[in-house]
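Hi,

Here is the structure I promised to pass on. Have a look at it first, and my notes follow below.

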Amino acid sequence: MREPLESTWDDIRSELRRETPDFKFHIWLEPLELAGIEGNVLYVRAPEHIRTSVGERYLPLLRRAASRCLGDRTVVEIVGGDWQPRPAAPRSPAAAEDDRLNPRFTFEQFVIGAGNRFAHAASLAVAELPAQAYNPLFMYGPPGLGKTHLLHAIGNYVRHWGTGLSVRYATVEEFTSDFVAAIRRHETSAFKERFRSADIVLIDDVQFLAGRERTREEFFHTFNALLDAGHQLVITSDRTPDELPDIEARLRERFRSGLVVELEPPSTDVRRAILEKRARLDGVDVGPEVLEEIATHVSSSVRALEGALIRVVAYASLKGEAASPELVRHVLDRLGQDVRRRHCDLPEILDAAAEEFGVEPKALVARDRRAAVATARQVAMYLARELTDHSLPEIGRGIGDRNHTTVLHAINRVSAAVRTDPVVKTAVDNLRRRLAQRT
């Protein structure tokens, strides 16, 4: 008879296999092992050369699979080979609020440069003096520049030094899901108490409030309740308050009422420092010339930068070669083309896909099932997953309010077609080039 842990991990692996193309599963997910379960936390052990990449790319997928097998409140953490279960210790109520915080995202691990210095200083001031320095603190900038890192760093700092202060972190996606679930269960009072009673509330990706009228109304009242009670609110977005779509003036005014600070792409020197720190933390042995080559060619975001390092190290390990500048160029050309491209937004991808397949852009978001439209729509979903930082539900909402299952099916279908259908491969390659060349 199988041990309970072994049985649990087999069930989770089955869920992962169902949602992942075979080649991705074998490269990134098959090497994972179940390290242990403590309370509602599932610890997954990953080999060093893929650990960071798994954490960045596949943690949401792992969480969904674990939640289906172990319950909705299951949390997943990626650990290294030397991880051991920690001695059991009673948890404070404040710590219990922090389940969604990523312990890797701290102020110590954040690399400071000209483009993020002000945001870092403001975040640290908020963490040290909640509701006394800047309230609310609104940070904005393109995806992958460290907004979420700073948000978690504030929460982790308060967790360790906040003398019992409670923290509530949520993405707008999670805020909405929790709110909808509370309405269905007739537990809106408990939902309101959970957010409004927290000393520090951290909300990520507020731009996705657009199109969610009832959630915006609840968020507005939560915002007011927190500030009236003297609690700290920190918000991130990919654009300024004035540029947020479909957001009422009263909410934009409240976002502007505190400190609004921008994060900008890092310079080459900062990118090199980020890579050096990432390599040191992960125990990756690569020469400075390799880091210099990556820093020179990858400039779109910190996330893309770290992803490029992992790709290079993984490729070198699989090939049994030493990492070198030549290998970096080869990997970026052959395996990691997307890491060097600037960030694309969803409307831009939809317009390009419509042009490539000769259909109207509005047909892609409509219920048009013509073959050419369906193919263009699926390719747009595939490229949106590759060239943006949107989650599957976010992509679905942006392409005709479709669900994440539809998006996942499209991604898997196009991924398979790229390997077997020259027409689809040519179209995808053409779109990548066209999006890369747009200014």
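This is a predicted model: local features need pLDDT of at least 70, side-chain atom pairs count only at pLDDT 80 or more; totals for chains, interfaces and linings use all residues.

**Aromatic rings**

Residues are numbered from 1 along each chain as its sequence is written, and side-chain values use heavy atoms, with hydrogens and water left out.

Searching the whole structure gives 10 aromatic pairs. Here rings of Phe, Tyr and Trp (its six-membered ring) pair if their centres lie within 6.5 Å; planes under 30 degrees apart are stacked, over 60 edge-to-face, and the rest tilted. Phe138 and Phe255 make a tilted pair, 5.3 Å centre to centre with 40° between the planes. Phe138 is in strand E4 (residues 137-140) and Phe255 in helix H11 (residues 249-256), 117 residues apart. Helices (H or I, at least four residues) and strands (E, at least two) are DSSP runs, numbered from the N terminus.

Phe255 also forms an edge-to-face pair with Phe219, at 6.2 Å centre to centre and 65° between the planes. Phe219 belongs to helix H10 (residues 213-228) and Phe255 to helix H11, so this pair ties together parts that are 36 residues apart in sequence. Phe219 counts as buried because its relative accessibility is 3%; for Phe255 the value is 0%. Ring pairs link Phe138, Phe175, Phe179, Phe191, Phe195, Phe219, Phe223 and Phe255 into a cluster.

Two arginines sit over rings as well: Arg168 is over the face of Phe195, 5.6 Å from the ring centre, and the charged end of Arg250 is over the ring of Phe220, 3.7 Å from its centre. The test is NZ of Lys or CZ of Arg within 6 Å of the ring centre and within 35 degrees of the ring normal.

**The sheet**

There is also an open sheet of three strands, ordered E1-E2-E3, with mixed pairing (two strands pair if DSSP finds at least two bridges between them). Its edge strands, each pairing on one side only, are E1 (33-38) and E3 (75-79). E1 and strand E2 (residues 41-45) run antiparallel and are joined by five bridges. Ile37 stands opposite Leu42 in E2.

Happy browsing!

How values were computed: Buried means under 20% relative accessible area, exposed over 50%, partly exposed in between (1.4 Å probe, protein chains only).
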